[in-house]
Every structure is written in C-alpha cells, then in structure tokens.
Amino acid sequence: MTVRVSRTFEFDAPAEEVWAFISDAEKRAGAISVVDTFEVHGDGRATWHVGLPIPMIRSTITVDTEEVERNPPNRVKFVGKSSAFRVTGEHVITETDGGCRLANEFVVEGKLPGVESFFKRNFDEELDNLEEALRRSLALDA
C-alpha cells in the first residue's frame, strides 16, 4: 500500500520568502515531528533520523534524502530512502494576487508492517507542523 497526501497553503507573502523556507533542507526536516535529528550535507542531500512509534521499530531509522529536482523559486522535490520506507516530497510555489500558493505532495511506500498506517494516521498533523513552521518563519522575516 502507498500513502499519498496533498495539501495546499495560501500565503500573503512573496513567493521568494516561501521559497527561502521550503527549499532549505534543514527547515523542512526541522518542521517534521518524527525527525529526531538530521544532518544536512550541503549538496542537496541530508540524513534524517526518524523515530516512528510502531512495534517493528525499536530505534530511529536513518533516511537518506536527496533533492532530485530544484527549480528556484518555484519547485523542489526530494526522495528519501531507508530500510523501512521510501518517501517522495514535492513543493510547488505559484504566485497569486497578493501572495502565493504552496502545493505539497508526499508519497510514502512502506517496507515494514505498520509504516504506511502510521503515515496515513499522522500525515495531516505533519503537514500542520510544516505550515505552522513556515508561517512562523514568515512572521519573523516580516
């Protein structure tokens, strides 16, 4: 089973300011609650250490992520691979009258029992976390 979730956020801010947040691997990882720690390698790659509260997993999972597409200031797509799951995330920014729209899509393919059901139950909350972190960042920059 594959879990796919999409959500769009609207901002009264320039696309460049939203891009500054969403294109930053450190800021994206920091907004996700199950990412315990992470290292950004500076070349479009990062390593996330993810803690999933499911029975099959007793420690954090190392997820090697890599940007596979980057079109500033409108689109970034990454792929993360681990022994437990594969995740693809894509963020597309479109300018609107008075601001911009950020379309987000995530796809998780689990390799262990419980991974997909965890993400199915928790993706909405994780997207809420991402939106809140982005809105906080925009408020600080204002």
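Leaving aside neighbours within four places in sequence, Lys27 touches Ala20, Phe21 and Ser137. The model described here is predicted. Lys27 lies in helix α2, which spans residues 25-30. In sequence, Lys27 and Leu130 are separated by 103 residues, while their C-alpha atoms are 9.1 Å apart in space.

Leu130 also takes part in a contact between two helices, α1 and α3. In helix α1, residues 15-22, the buried residues include Ala15, Val18, Trp19, Phe21 and Ile22. These residues lie on the same side of α1, because they cover an arc of only 160° around the axis.

Two packed helices are described by the angle between their axes and the distance between the axes.

| Helix pair | Angle | Distance between axes |
|---|---|---|
| α1 and α3 | about 125° | 10 Å |

α1 and α3 are therefore oblique to each other, and their crossing is right-handed. On the α1 side, the contact is made by Glu17, Val18, Phe21 and Ile22, which meet Leu130, Ala133, Leu134, Ser137 and Leu138 of α3. By type, the residues of this contact are 7 nonpolar, 1 polar and 1 charged.

A separate feature concerns the backbone. Most peptide bonds are trans. The bond from Pro72 to Pro73 is cis, with omega near -5°. Pro73 is in the loop between β4 (61-71) and β5 (75-81).

Notes. Residues are numbered from 1 along each chain as its sequence is written. This is a predicted model: local features need pLDDT of at least 70, side-chain atom pairs count only at pLDDT 80 or more; totals for chains, interfaces and linings use all residues. Side-chain values use heavy atoms; hydrogens and water are left out. Helices (H or I, at least four residues) and strands (E, at least two) are DSSP runs, numbered from the N terminus. Buried means under 20% relative accessible area, exposed over 50%, partly exposed in between (1.4 Å probe, protein chains only). The arc is that of the directions from the helix axis to the C-beta atoms. Axes are lines fitted to C-alpha atoms, for helices over the stretch in contact, and angles run from 0 to 180 degrees between N-to-C directions. Angles under 35 degrees count as roughly parallel, over 145 as roughly antiparallel, 65 to 115 as roughly perpendicular and the rest as oblique. A crossing is left-handed if the near helix is turned anticlockwise from the far one by less than a right angle, and right-handed if clockwise. Contact means heavy atoms within 4.5 Å. Ala, Val, Leu, Ile, Met, Phe, Trp, Tyr, Cys and Pro count as nonpolar, Asp, Glu, Lys and Arg as charged, and the others, Gly among them, as polar.
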